[in-house]
Amino acid sequence: MKKITIDNFQNNMNCYIDDVVKNNHRIAISTHKGSAILLSENDFLELQGILGLYSPSMIKKITSGEKELLDSLSTYSPSNAW
């Protein structure tokens, strides 16, 4: 990830934003108070989707689906026909 100062970003903002949008690069912008990350909308939406998988409601749906699948499976017995 490219790291730049806030002054550098302010002076070349259009170039950095174009690079992030076109190439999905991420840029760390440092200030005297800390850093911020510039990322493309596509990257942001992907991260939101991934984080959504960890929401309590999604975890409940996933575990419920796993239980439902396991409950529907039968145990193998050599006497059962294929």
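This report covers a salt bridge, a nonpolar core and a nonpolar surface patch in a predicted model.

## The salt bridge

Side chains of opposite charge can pair when their charged atoms come close. The structure has 1 salt bridge. Its partners are R26 and D43, whose closest N and O atoms are 3.4 Å apart. R26 sits in the loop between α2 (13-23) and β2 (27-31), while D43 belongs to helix α3 (residues 41-52), so the pair ties together parts that are 17 residues apart in sequence.

Are the two partners buried or exposed? R26 is partly exposed, because its relative accessibility is 36%, a value that lies between the 20% and 50% limits. D43 has a relative accessible area of 7% and is therefore buried, since the limit for buried is under 20%.

## The nonpolar core

Six residues make up the largest nonpolar core: I4, F9, Y16, V20, I27 and I29. Helix α2 and strand β2 each supply at least two residues of this core.

Which residues does I4 touch, leaving aside those up to four places away in sequence? They are F9, Y16, I27, A28, I29 and S30.

## The nonpolar surface patch

On the surface, L47, I50, L53, Y54, I59 and I62 form a nonpolar patch. Together these residues have about 570 Å² of accessible area. Helices α3 and α4 (56-72) each supply at least two residues of the patch.

One of the patch residues, I50, is found in helix α3. I50 counts as partly exposed because its relative accessibility is 47%.

How values were computed. Residues numbered from 1 in each chain as written. Predicted model: local features only at pLDDT ≥ 70, side-chain atom pairs only at ≥ 80, totals over all residues. Heavy atoms only, no water. Salt bridge = Lys/Arg side-chain N within 4 Å of Asp/Glu carboxyl O. Helix = DSSP H or I, 4+ residues; strand = E, 2+ residues; numbered from the N terminus. Buried < 20%, exposed > 50% of the residue type's maximum accessible area, 1.4 Å probe, protein only. Patch = residues over 30% accessible without salt bridge, like charges linked within 9 Å, V, L, I, M, F, W, Y side chains within 5 Å. Areas by Shrake-Rupley, 256 points an atom, 1.4 Å probe, with all protein chains shown as cover. Core = buried A, V, L, I, M, F, W, Y, C linked by side-chain atoms within 4.5 Å. Contact = heavy atoms within 4.5 Å.
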